There are 2 protein chains.
Amino acid sequence: MLATNHCPTETAQLEHLVALPPRAAPPRADDLTRSLPEGKVRVVSAKEHVYREGDPATHVYRVEAGHVCIYRGLPDGRRQIVNFAYPGDFIGLGAIREHSASALAGTKTRLKSFLVAGLRDSARRDTNLGLRLYEAVSEELAAAHDLLMTVSHRSAGERLAAFLLALSRRSGRRGENACEIVLPMTRTDIADFLGLTIETVSRTFTKFRIEGLIDLEQCILVTICDLAALEMAAGNGASSEQQLKLAS
Amino acid sequence: MLATNHCPTETAQLEHLVALPPRAAPPRADDLTRSLPEGKVRVVSAKEHVYREGDPATHVYRVEAGHVCIYRGLPDGRRQIVNFAYPGDFIGLGAIREHSASALAGTKTRLKSFLVAGLRDSARRDTNLGLRLYEAVSEELAAAHDLLMTVSHRSAGERLAAFLLALSRRSGRRGENACEIVLPMTRTDIADFLGLTIETVSRTFTKFRIEGLIDLEQCILVTICDLAALEMAAGNGASSEQQLKLAS
DNA sequence: TTCCCTTTGTTACACTCTCTCACACTCCAT
DNA sequence: ATGGAGTGTGAGAGAGTGTAACAAAGGGAA
C-alpha cells in the first residue's frame, strides 16, 4: 500500500476550489428568491453552526459559497447528515416552528438570509410562492427517501459508489467536470451521511482505488476512472432509476 | 420456546379492527380538504397498488379506512417502506410530476381521491392552501429524517422498540389504548420499514417478549407491558426528543 | 366438512460484513 | 518542536444475515 494520500484540514485548499468562482453562476436559484426582498449576507466560519436543531425557525438561507452539513444528532453523539448544501441550495426550508435539524458549516461559508415571516407574508400575497415552497420541500423529501433507501438496504461499497455518482451528477449539472469530484467534506462527514464508520469509508475508498474505479489525490480530489464499473458497484445495473439524489 | 403466535392473513381480523369504527373521528383531517371539492371514493383491495413509482401524479388521496404502505423499490426486490398511512393521513402529496414512491394497500382500503390539478387551482385561489401543503410535506420530511436516523444508526432492538413506541403514540393520539397496539402490517412490512430482515424482526419480537417488555397475541396484537423498559430499549433514556415519528 | 396448498411466522446454525480498538502517518497550527 | 486533526490500515469481535426446516392458519376445491 503506497497510499500517501493524506488529508490536510481542508479549509485552505477549499477556499479556492469552492469559494472562488461561482462558476456557472448560482445554477438553479430556484427562483424562490425573486419574490423576496434581498437577503442579508451572513458569513459563518468552518465548524460553526448556522442554526441548531430546536432553534426557532426565524430565517431560511441560501448558500452562496462554501458548504453546509445538515444533520440530526442523537444524545450519545451519533449523528446522521441528511444533506450537504452547496452554493445555490436553500437550507432551513422544511422547518415549521423550529428547526428539525442542525446546520453546520463545513468550510467558511457565505449565506444570504431571508426572514421566515417575510417568506410567509410573500407567500400569502404571491399565490405561486407557496406552491414553489411546496415543490422545493417535496424535492427534499424525495432526496431523503433516496438516502433512506441507500443507507438501509445497500452495502458499504454500494453506498460510497452511489454517493460519488451523486456528487458527479451534481458537478455535471453545475457545468463542472463530472469526472473530477472535489470532496469538501471530511471522511467523518461522509461516514455520517452514509451511515458507516470512517474506517469503512476509508477502506472502501482504498478498495475502489485498487480496483481502478477511481483515483485519489490529496484525499479531497476523486477522479472517476471507470464510470461504468462504478455504476455497477452502486447497483445501478440495468435501471438507472434508483440513484441516490442530493437535494440540489 | 413455546411461541405459538402464528399469523393469519390479516384481512379478516383487521376489517373490524381498523375499518369499523372511525373511532375518534378522522383525527387530524389536516383541514387540507376543507378548501377542496368533495373527493371521490376509491376502494382498493389488499395487496393492490393505489399508485406506482413513476405513475403520473394525477391524484392525491386521504385514507379513510384500512392502511397503505408507501415504499421505494430497488430492481433486485429490496424495498424500503417510508411510511404506513392510516385513516386520516394523506398520501401522494410529495409528488410533483410523477409519484416518487409506490403506494400499496396492506389491507382492503377505502380512500378519498382529489385531483392534483384541482388542488393546484385551489392553491392559486386560496393563498393559505399552498402554505398548508408546504407544512404537510415539511412534516413528512421531518418524519423521513427520523426514520433515516433510526435506520442508519440504531440496532435492531432499538429500531423495533422505537417503532412500537411510535405506533403507541399514534394510537394514543387517536384516542385509542396506547398500550394495545394492533399491527395491521406483516413482519415483512416491518422489516422493510426498519431496514431489517423478517428473521431479525421475529427474533427481536421474541426477545422483547421473553424480557417481559411486551406481550404478543396472534402476532398482530402487541401489548406493552413495561413502557419504561421499552423506551430504554429504544435509546430514549434521558431526552425523549429523538423519537421515531410516523407521518400522521 | 375435510384435505391440500399457500402464505406467514418462528427458530437454529454457520457465515459475512461491518464495527471496535489500536496504532502509524501526514499536514497544519501554535 | 510539539500537539492536534484528519486519515489509512490491521486484527479481532460481534451483530445481523442467509439458508433452511418446521409450525400454524386461511382459502379453495371436492
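Chain A holds seven helices and eleven strands. The model is a predicted one, and the description below should be read accordingly. Of the 248 residues in chain A, 46% are buried. Among the contacts in chain A with a separation of 6 or more, 75% are accounted for by residues 24 or more positions apart.

The account now turns to a sheet. Strands pair in a sheet through backbone hydrogen bonds, in either a parallel or an antiparallel manner. In chain A, four strands form an open sheet with the order 2-7-4-5, and their pairing is antiparallel. Strand 2 (49-51) and strand 5 (79-85) of chain A are the edge strands, each of which pairs on one side only. From one strand to the next, the twist averages 30°.

Strand 2 of chain A runs antiparallel to strand 7 (residues 102-105) of chain A, and two bridges join them. Opposite A:His49 stands A:Leu104, a residue of strand 7 of chain A. Towards the other end of the strand order, helix 5 (residues 187-194) of chain A lies across strand 4 (68-73) and strand 5 of chain A. The angle between this helix and strand 5 of chain A is about 105°.

Helix packing is illustrated in chain B. For helix 5 (residues 187-194) and helix 6 (residues 198-210) of chain B, the axes come within 8 Å and cross at roughly 100°. Angles of 65 to 115 degrees count as roughly perpendicular, and helix 5 and helix 6 of chain B are therefore roughly perpendicular to each other. Where they meet, helix 5 of chain B contributes B:Arg187, B:Thr188, B:Ile190 and B:Ala191, while helix 6 of chain B contributes B:Ile198, B:Val201 and B:Ser202. Sorted by class, the residues of this contact are four nonpolar, two polar and one charged.

The last topic is the contact between the two chains. Chain A and chain B each give 36 residues to it. On the side of chain A that touches chain B, strand 5, helix 2 (116-125) and helix 3 (127-153) of chain A each supply at least two residues. Helix 3 of chain A provides the largest share of that side, with 19 residues. By class, the residues on this side of chain A comprise 18 nonpolar, twelve polar and six charged.

Terms used
Residues numbered from 1 in each chain as written. Chains lettered and ligands numbered in written order. Predicted model: local features only at pLDDT ≥ 70, side-chain atom pairs only at ≥ 80, totals over all residues. Buried ≥ 20, exposed ≤ 12 C-beta atoms within 10 Å, placed from the backbone. Contact = placed C-beta atoms within 7 Å. Axes fitted to C-alpha atoms, helices over the stretch in contact; angles between N-to-C directions. Parallel < 35°, antiparallel > 145°, perpendicular 65-115°, else oblique. Nonpolar A, V, L, I, M, F, W, Y, C, P; charged D, E, K, R; others polar. Pairing = 2+ DSSP bridges.
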